[in-house]
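Me: I am new to this structure. Please take one chain and walk me through it closely, then show me how the chains touch.

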Amino acid sequence: MVTTLTRTIIGKSATKYDAFAKVTGEAQYIQDLTQPRMLWGKILRSSLPHARILNIDTSRAEKLLGVKAVLTAKDLSGRPIGFGNDNEILKGTKVRCVGDEIAAVAAVDEATALEAISLIKVEYEPLPGVFDPILALSDSSVLVHEGKGTNLSMDYHFETNIAALDAAMEQAAVILKDRFTLPFVTSASMGTHGCMAMFRNGELTMWTPTQVPFLYQHELMMALGIPGKRIRVIQPAIGGGFGAKLDMYPYEASCAHLSMVTGQPVKIVFTREEEFQASRPRQPMLIDLVTAADGEGHLLARTAKVICDNGAYNSWGATTPFVGMQTISSLYRVPNIRYDAQIVYTNNPYSSAMRGYGNPQHTFAVESHMDMLATKLGMDPLTVRLINANQSGDITPQNMKITSCAFSETLSEAGKNLGSLPSEAGKLRGKGLAGMIHVGGGARVYRSDGCGAVVKIDDMGRVVLLTGATDIGQGSDTVLSQIVAEVLGVDLKDVRVINNDSDLTYWDVGSHASRTTFVAGNAAKLAAEEVRTQIVNAAAEILKVGPDQLILKDNRVVVTNDPELFIELTKLIRAMHFRQDGKLLVGMAFYDPPTEMQDNKFMGNVSAAYSFGAHGVEVEVDTGTGVVKVLQVDAAHDVGKAINPLGIQGQIEGGCVMGLGYALSEEMKVREGRVINANFLDYRLLTCVDAPEIRGKIVESDEQQGPFGAKGVGEACCIPTAAAVANAIYAATGVRIKELPITPAKVLQGLNDLRKTTDNSEIEN
Amino acid sequence: MTQISFVINGQPWKGQVEPNEMLLDIIREKVGLTGTKKGCDSGECGACTVILDGQSVNSCIVPAIEVGGKEILTIEGLARGQELHSIQEAFISEGAVQCGFCTPGMIMSTKALLDSNPHPSNQEICQGLAGNLCRCTGYGRIVAAVEKAAEMGGDDLDKNDNR
Amino acid sequence: MAGKSLKYEAPHSLAELWSLLEDDLENIGFLAGGTDLLVKLKRKQLDLIRLIDLKTIEDLKGIWLDENLRLHIGALTTLTELSTHPLVMKHSPVLVATARKMASVQVRNRATIGGNLCNAAPSADLAPPLLVLDAVVKVVSGKGARELALKSLFTGPGQIALQPGEVMAEVIVPASEPGTKVIYLKQGLRQALDIAMVCAAVKLTLSGDLCQEAAIALGAVAPTPIRVEAAEDWLRGRRIDTQSIAKAADLARLAANPISDVRATADYRSELVAALVAKGIQQCVMQASEYGEPLPLVEVGVSRLDEGSDK
């Protein structure tokens, strides 16, 4: 691997690659796209959570002037779709959740499409619904999928040696057992879902803000029954993803069908209400955690029993225990582990894997217990973490190999001045800490965790990186251009990134698992290095020195020992190109991290590097109202190497605020399967006024496997926040809250309960 | 249908609108400027913020039929040719843009804020932007950008240019 | 939205308005700022045929002081205008502070005082302060004008005592006695944008720590905004101390009749009533002792405890 001695671009803050287009309003999101002759599509969705469909009458809709197509299940093949093959594009016999797709309409404009939807009459036979996963498991009289005979969709189990675990429990000085309850929250990206389909001459082009274009292409192929090689996926600017845009949604396949049937392009865009009801939220979980430790605070064992409300169908959410398990087994050093998770069907909305992919839920439990352990043993919350902190070289119980690791440093940075703090009358202040571990070097959850990249440079010095990696707003495009510019010694502004057209770019499994900087970054680096090698070899001949004596900088190829001896890069490239037997400069790489699929016992090093971090949250609690105000957050993150510090700062701040929302104000309220707060007034995203000062601290542990030492941070920054808030509230008030969101009502109840206990014990004394 | 005319980004526009059409839809579909975004269509997120006769409003809940004879400024009206407005430059330089969907509305609210209060305090900035939701940035870089724009604003020659 | 058949009319005078209303009073929506009405229309919670814009009627706008020092606020005054008008800042600064806690800048530039009151949400922010100020509303119609006490305006959630064909023209705020402090407190979950879980206004006329006059109003804890006479009677003539505050707060809690909804539970709302009323009384006293008259704009009416964070 070639290393440059002085870094001119890596490590220096860079402005976002597409910021110009976004600040001028020129960036085109799915909402903004049109095609000639485009039709507007709308979906008729079920208003009932569980019902048989007796009849669908589309006759009036079909007759409406301006309607070009109306589709129901009878018009489609009925092929099952979705992650678990348990879903359908349009439901013909049964609906299993509010929002289930029943009909799709294409019309000349949006108003006509909406009117057409209102004219479709569906006759339902309502069925009893099941909305509680525990009931769904214990009572099989209401089955979401009858054919399966159970509401248990999937089952995960991991254990180390059981005898050793039992022995550890026997020896433990402290055993904590608690249930932690995590609610529905949702990505609530500012840009809603949507897609535009154009099926012409046997070719399907889909414009969609997907996070996973190549998996999406595959899913479309399976859903539509057309060859994958006839499908092109183009991504417009994406207005936020956070995991909700991992799936190919059923409505997208309907949109493709509408285009097939009408021969015209068709666009469907979600309303905000649809976004709440019919996009994929974060999975609610009940986590029964047991943590055992010795008298000095060393963790001896951890067991977790998790029940996940999967909703009506399997989506990526059905695999969150895969990640949650890693938290239980590998967050801090714990030798004995037992993990059981059940994915349960209900008639609730079905989840994808929102930012953190199950880790935020499990970290809330684990990190609440770490503080409770500290309290039990009379230890300081930072110390109890430091003595158990993962270190470089560790191999966790799941055989995850910790390479670079600055966990202790992040804990110490974020964990200053913990505990109760001075406060004015009527308020209580405190600071709490929580740490995290997450994959930071890709995540082999699929047969390939790779990313393809091609770098080309023309004789005018215009560099283009074609990468399969999707930018969902997190700034991967910028980081990738920095990597390429650094390797080639060119100006950052001379690197173009093309990342949004499956015909032009190269396979990538997608923007999830915080993998883009690491995996796509390595691919881009390798591809650029191939070009560099070609350049250096050609320059060596001309300059009559060895190739290893040359560096690329400032758009030149320069002899290291004799900087006066150089050749302009473009001049060299022209010399290579415009001649007999000329060459184009192109480099290609497919980087797939050196990791393992976990085996059927969930053993395996799933990522090439792991990211660590810690949040220290300071809160002020009003004892009269229970309202919690967050005063500031210290967020320290081990990112390996900060390629773009400004970008990382933005991610940390955004992640913290999302984490604070999870902790304190966000909850998607689902009653009998219906989201009753499907708007921004009552689904409370934190505003600018609510957001406290976030003091981000970048810690660099220089990951050898990472591009220039970097690892991922996209999810890490929202994972420990909620636990840190709960710990801070405990430090301030003595109230321990084990369910999210931590509302003022819960805090006030806790304060009142504490007062009663204190009063009672005073009376008793 | 009613014929109305208004000035948008300094240019006259004339067209037909229905009583049930909102300004946002007219701007995006009839005037053809898609920089202003529809985030919620209910006046709850600020993505559709434009400046109407000098005041920031959620264009998704302004009936188009009301704006006859008025002046509207959208995100497209800020840059002068190739030259960005100082607010736009500050948003770029301070890292205030991630997915960018909230950005046009956020910038228009910033413009309205700085026009009435050229040197806002941190608290005044937050109050001024309270009606613009952002899911990506956590607002930190956005507030920094507004502060930067306020700093730069003194040198801006655009006070007479009606930008 | 409402179909293409929706009709829009913009009368330029009250006389023109009355002639529009002569023949047909069915399915009419009076459009002020539209920030509530248009959202309801979009969500099909309202069925309207005619939208009559009141913003084009100058007689419904304007703010002035009459010779009895009553402050007249035109019903079509926007919340921004309310919060920046010099007369309001001088004579009723609590309304400035209240308006600034409502929604967002964008909404306040459009939403109106008349709209907030006539929308009659139990949580309407302007109701509690206006109730403790004993505000009166002037209502006009083709048949003439009448005044009614604001507390008679609210008849139920989203319901007001206006006849078909009547329109609110003004909100009239009587002059306050010297030594009077008014505080409005709003408790949302977030520090901005939220509809109040509970809101409260406290008005005290103090002589030292002796309470000469008291008025307390609550929002979001009953079908309409309410005054709490029991707590007011208790405080009147009493010295303000920890015990009298606690008792007044408790009386307020007992007078409230909150429900559980998507924003909060009934139990929590009850707790909040007591907490907010206690705070409101305390803050009136603090202001009286610390600042004297006149009160600096930024401080007045703003709960110290609700101020945005200093970063």
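Reply: Start with chain B, which holds 5 helices and 5 strands. This is a predicted model. Read from the N terminus, the elements of chain B run β-β-α-β-β-β-α-α-α-α.

Now its overall form. The C-alpha atoms of chain B fill a box of roughly 45 × 35 × 25 Å along the principal axes. Chain B has 163 residues, and a compact globule of that length would have a radius of gyration near 15 Å; chain B has 15 Å, so the two agree. Of the 163 residues in chain B, 64% are buried. Look at the contacts in chain B between residues at least 6 apart in sequence: 60% of them join residues at least 24 apart.

Next, the neighbour. In chain B, 43 residues are in contact with 44 residues of chain A. On the chain A side, two elements give two or more residues each: helix 1 (19–23) and helix 16 (645–664). Helix 16 of chain A gives the most, with 8 residues. By class, this side of chain A has 20 nonpolar, 18 polar and 6 charged residues.

Chain A also touches chain C. There, 20 residues of chain A are in contact with 22 residues of chain C. On the chain C side, helix 12 (residues 266–290) gives the most, with 6 residues. That side of chain C divides into 11 nonpolar, 5 polar and 6 charged residues.

Conventions:
Residues are numbered from 1 along each chain as its sequence is written. Chains are lettered from A and ligands numbered from 1 in the order in which they are written. This is a predicted model: local features need pLDDT of at least 70, side-chain atom pairs count only at pLDDT 80 or more; totals for chains, interfaces and linings use all residues. Two residues are in contact if their C-beta atoms, placed from the backbone, lie within 7 Å. Helices (H or I, at least four residues) and strands (E, at least two) are DSSP runs, numbered from the N terminus. Ala, Val, Leu, Ile, Met, Phe, Trp, Tyr, Cys and Pro count as nonpolar, Asp, Glu, Lys and Arg as charged, and the others, Gly among them, as polar. The radius of gyration is taken over C-alpha atoms; the globule rule is 2.2 Å times the number of residues to the power 0.38. A residue is buried if 20 or more other C-beta atoms lie within 10 Å of its own, exposed if 12 or fewer, and partly exposed in between; C-beta atoms are placed from the backbone.
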